[in-house]
Amino acid sequence: MIIIGVILLVIGFVTGISILWTIGIVLAVIGLILWILGGMGHAVAGRRHYW
């Protein structure tokens, strides 16, 4: 999710399409939050680790 977010950020920045920029930011932030929660040992979506 983080990688897809970063790819969309780059594509949105290069092409100037703001919706890709926005979706990329949202995906990257959600991916980071899930990664941090999984790393802290909290169950994410019924799983012990998120990666």
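This is a predicted model: local features need pLDDT of at least 70, side-chain atom pairs count only at pLDDT 80 or more; totals for chains, interfaces and linings use all residues.
Residues are numbered from 1 along each chain as its sequence is written, and side-chain values use heavy atoms, without hydrogens and water.

So, the helices themselves. The protein chain has two helices and zero strands; these are DSSP runs, H or I of at least four residues for helices and E of at least two for strands, numbered from the N terminus. H1 covers residues 2-15 and H2 residues 18-39; their axes come within 7 Å and cross at roughly 160°. Axes here are lines fitted to C-alpha atoms over the stretch in contact, and angles run from 0 to 180 degrees between N-to-C directions.

Who makes the contact (heavy atoms within 4.5 Å)? From H1 we have, among them, Ile 4, Leu 8 and Ile 11, and from H2 residues including Leu 20, Ala 28 and Trp 35.

Let's stop at Ala 28, which lies in helix H2. Ala 28 counts as buried because its relative accessibility is 12% (buried is under 20%, exposed over 50%, partly exposed in between, with a 1.4 Å probe and protein chains only). Beyond its neighbours within four places in sequence, Ala 28 is in contact with Met 1, Ile 2 and Gly 5. Its C-alpha atom is separated by 7.4 Å from that of Ile 3, 25 residues apart along the chain.

Methods. Contact means heavy atoms within 4.5 Å.
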